[in-house]
Amino acid sequence: MFETPAYAAADATAPLAPTTIQRRPPGPSEVLIDILYCGVCHSDLHQVRDEWGGSIFPMVPGHEIVGRIAQVGSAVTAFSVGDAVGVGCFVDSCRTCPQCRAGEEQFCDEGMTSTYNAMARDGSGPTYGGYSTRITVDAAYVLRIPDGLPLDAAAPLLCAGITTYSPLRHFGVAPGDDVAVVGLGGLGHMAVKFAVAMGARVTVLSSSESKRADALALGAHAFAATRDKATFKALAKSFDYIVDSVSAEHDYNAYLSLLRVDGTMILVGIPEVPAPVAAGALIMQRRRLVGSLIGGIRQTQEMLEFCAEHGIVSDIERIGIADIETAYARMRKGDVRYRFVIDIETLRR
Ligand code: NAP
Ligand code: ZN
Ligand code: ZN
């Protein structure tokens, strides 16, 4: 084992602070990664403040990890020292259940092993994430970052990217479809880029009027303010799909009314409290309300190749690790443009 600098929260109310964690030397099928960048997901904030319950402390968050291979285990053939790689939201799963065999490890019958805030399958204790300088991961759960993608702006692809790419693909968004993206944050801005690249006509529905120009610059065709009640009348029955990435409590029924017949509303945002859904909001136009959880390893690699092909990365604001609490506070207010990415070099100094 070797000591690794990290940032951790001691409990749900403690600010993140410098600490040291133990990482294991890579086993035969594992790689050791020197972490260069780690994106800051709203899920980090939900979990570090225990908003979903069951959080494990101390917690080292971070599941949008990009770095370079520092060591490879004896049986690893897919990666070499120096390769640019990524690690997303999970680092292990059972590998034998139907979902694991189908490459949808996020739905593992035994539960995926999250990159942090989970217990490792080998009984060695809690997993610690990317707010640290190094991580040891089984090569089967490591992604290759295609040449040409800037490593800092590629980090958010490992969660915000795959979480929005996966449902757009799975539910079959096609050229000409009308897609609304609710909430222009980390996930939302990636949803806009992907839906536009897939040929959809995209409308951003945002609580922040100040994001109008950005939405259009990101490629959206239209913008509507959700604080204005007239928006919901004007856009009734307008969309084939809605991608809802809002992190806080809001009225699902109001957004369902914007779907046309057979339209699909995809929940990816995970507010801490449940919200009521009126049967009529679904029944009247035979609408679908669905959810989607990140994506499997195979599809994450496919998404990265799609990004390289289409020149897609995240719009990021690079921060030092010491600014993490400020970033969380801004995220809480919806003031993210459009993903904070920690320069892990600031943790090495
Ligand atoms: P984020 O960057 O903070 O963006 C969330 C956006 O929601 C905000 O920028 C804001 O956009 C909007 N919003 C509307 N009302 C809000 C309010 N009252 N308070 C705060 N924001 C409000 O978050 P994110 O990283 O994209 O994550 C979004 C949600 O997805 C989180 O709940 C996260 O846990 C979840 N998530 C789910 C998955 C999955 O697999 N399903 C994966 C990753 C994250 P406007 O200013 O445009 O309104
Ligand atoms: Zn995430
Ligand atoms: Zn499994």
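The lining of the largest cavity has seven nonpolar residues, three polar ones and no charged ones. The model is predicted. The structure holds one cavity of 30 Å³ or more, and the volume of the largest is about 70 Å³.

**Cavity lining**
- Residues from Gly 88 to Phe 90 line the largest cavity, namely Gly 88, Cys 89 and Phe 90.
- Leu 143, Leu 158 and Ile 162 also belong to the lining.
- Ile 294, Gly 295, Ile 297 and Thr 300 complete the list.

- Cys 41 sits in the loop between strand 3 (30-39) and helix 1 (42-48), and His 63 in the loop between helix 1 and strand 4 (65-72), so the pair ties together parts 22 residues apart in sequence.
- Cys 41 counts as buried because its relative accessibility is 3%, under the 20% cut-off.
- His 63, at 6% relative accessibility, also counts as buried.

**Aromatic pairs**
- The whole structure has five aromatic pairs.
- Phe 194 and Phe 306 form a tilted pair, because their ring centres are 6.0 Å apart and their planes meet at 55°.
- Phe 194 is in helix 5 (residues 186-197) and Phe 306 in helix 10 (residues 297-310), 112 residues apart.
- Both Phe 194 and Phe 306 are buried.
- Phe 232 and Tyr 255 pair edge-to-face, at 5.2 Å centre to centre and 80° between the planes.
- Phe 232 lies in helix 7 (residues 230-234) and Tyr 255 in helix 8 (residues 252-256); both residues are buried.
- Tyr 165, Phe 194 and Phe 306 form one aromatic cluster.

Conventions: Residues numbered from 1 in each chain as written. Chains lettered and ligands numbered in written order. Predicted model: local features only at pLDDT ≥ 70, side-chain atom pairs only at ≥ 80, totals over all residues. Heavy atoms only, no water. 1 Å grid on protein atoms, 1.4 Å probe; cavity = no way out; pocket = protein on both sides within 12 Å on 5 of 7 lines; lining within 4 Å. Points joined across faces, edges and corners; volume = space filled by probe spheres on them. Nonpolar A, V, L, I, M, F, W, Y, C, P; charged D, E, K, R; others polar. Helix = DSSP H or I, 4+ residues; strand = E, 2+ residues; numbered from the N terminus. Buried < 20%, exposed > 50% of the residue type's maximum accessible area, 1.4 Å probe, protein only. Phe/Tyr/Trp six-rings, centres within 6.5 Å; stacked < 30°, edge-to-face > 60°.
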